[in-house]
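Good morning, and thank you for coming. Please look at the sequence and the structure on the screen.

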Amino acid sequence: MYIVCIIFFYEMAQNFTKTTRRLVSSIANLNKSPYHNFRVLNGYHQTNFRNPTFVTPKRWQTNVCWRCGAHEGSPTQVFCEKCNVIQRPHELENYFKLFGLEERFDIEQQVLRNKFRQLQSLLHPDKFSNKTEEEQAISADYSSLLNKAYGTLHVPLRRAEHLLKLKGETIGESQSVDDPEFLIEIMTLNEEASVEEVGKDVGKLKKLNKKNNEQLERVSREIDLCFKSNDIEKAKENIIKFKYYTSLSSRINGTLRDLGESD
Amino acid sequence: MDQIASCSLQSKINSMALNTSNLLRLGLRPSRICLTAFYHKNVIEHYENPRNVGSLDKDDKNVGTGLVGAPACGDVMKLQIKVDENGKIVDAKFKTFGCGSAIASSSYTTEWVKGKTVDEALKLKNTAIAKELSLPPVKLHCSMLAEDAIKAALSDYKIKQQSNKKE
């Protein structure tokens with residue numbers, strides 16, 4: 001135990017020195033690069049996009065290149081036209097805009113994937129290993145934002161929730177389901193698919209899975225229609241249903257996996 | 001002497017390990033130190049050995065059924081109570097499809113409610129469940145769900161009794 005403690009403490013001390021050194025160097029750089037500083041101080045580079053307390057100089061907020069000050073052409077411009085330096089993302093909240101896509105639920109997966117790959121091939125940190133630290137930092141943050149955005153948009157449930165958020169609605173924790181019939185239905189479906197009920201009957205599980213997938217498809221069509229007609233309340237109701245069918249689906253697939261069946 | 005020194009050191013580390021901001025200040029990522037104990041032992045105990053799982057006859061006039069859902073996580077919880085002629089809860093059963101905290105909350109609730117009177121059971125607060133299970137703030141809604149479920153079961157029972165009296 002004693003030795004473990006010593007090793008632990010040694011490691012901690014080492015880390016502490018490292019952090020202090022980083023802090024000192026970042027304070028020395030304060031005037032030069034506040035953006036980069038924040039990144040180091042915070043430890044997690046994703047945070048600086050979302051942290052509202054982060055002071056952004058005026059010139060960053062407009063479509064002006066942070067390096068040469070030239071005005072950029074289009075807001076989706078990734079590199080400055082004049083000095084060819086990587087730009088910070090112009091969009092942080094709206095993932096559809098980030099990829100230059102229309103805000104709709106029924107997006108083409110192929111188009112999304114192509115956009116994502118195209119942007120990552122330009123912005124991936126690997127492309128910036130010979131560039132300045134600041135450019136590397138922007139590339140790392142941009143790239144991780146793209147990953148997060150892609151992860152959100154390519155999963156239907158997350159895409160729907162993101163769209164709902166953009167419309168100003170969220171599914172809160174204190175919210176309850178007011179539709180008793182739907183609850184009974186979900187309870188029954190879950191009971192039917194429970195291990196106690198199906199045992200090792202793979203055929204029965206697959207049948208239930210198929211039925212559930214049909215429900216998922218039906219509800220996702222509903223969600224699409226709701227967003228198209230801008231009926232946000234109804235969209236929210238359907239997203240809640242979609243959530244329940246999704247958890248049922250993952251439960252069924254989990255049992256199938258346990259029984260040695262791949263989904 | 002060594003023993004004592006290592007003990008105090010250990011307790012210091014423990015108290016530090018509990019505070020994530022301390023870790024970050026030291027430049028340590030939480031992953032570097034194993035912060036595995038996210039669930040309290042009481043939650044794990046109820047999750048692994050849930051009490052009173054099952055169903056009661058929902059058409060029985062002495063049985064109250066509460067069915068509630070938490071849309072934020074896609075959880076569904078059914079809680080049933082059986083009341084004798086003296087207004088005492090003699091049996092309670094639950095079925096929950098959801099996360100570990102939701103299962104533990106409903107399991108604890110059925111255990112707590114047994115032997116109580118209907119009026120006593122109404123006084124159960126989600127904070128009591130959360131405290132017993134040491135639920136973290138992000139899981140407080142699970143205890144609220146259990147409170148909603150027991151309330152719904154009690155009101156279902158009362159409605160059944162009233163319609164029974166009228167007949």
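Angles under 35 degrees count as roughly parallel, over 145 as roughly antiparallel, 65 to 115 as roughly perpendicular, and the rest as oblique. The model is predicted, so that local features need pLDDT of at least 70 and side-chain atom pairs count only at pLDDT 80 or more, while totals for chains, interfaces and linings use all residues. Residues are numbered from 1 along each chain as its sequence is written, chains are lettered from A and ligands numbered from 1 in the order in which they are written, and side-chain values use heavy atoms, without hydrogens and water.

I begin with chain B. Helices (DSSP runs of H or I, at least four residues) and strands (E, at least two) are numbered from the N terminus. The axes of H4 (residues 100-113) and H6 (residues 126-133) of chain B come within 10 Å and cross at roughly 110°; axes are lines fitted to C-alpha atoms, for helices over the stretch in contact, and angles run from 0 to 180 degrees between N-to-C directions. H4(B) and H6(B) are therefore roughly perpendicular to each other. In contact (heavy atoms within 4.5 Å), B:Ala104, B:Ser105, B:Tyr108 and B:Thr109 of H4(B) meet B:Ile129, B:Glu132 and B:Leu133 of H6(B).

How are H9 (residues 180-192) and H12 (residues 232-258) of chain A packed? Their axes are 11 Å apart, at an angle of about 5°, which makes H9(A) roughly parallel to H12(A). Residues in this contact include A:Phe182 and A:Leu189 of H9(A), and A:Tyr244 and A:Leu248 of H12(A).

Finally, residues 94-172 of chain A are 65% helix and 0% strand, with end C-alpha atoms 20 Å apart.
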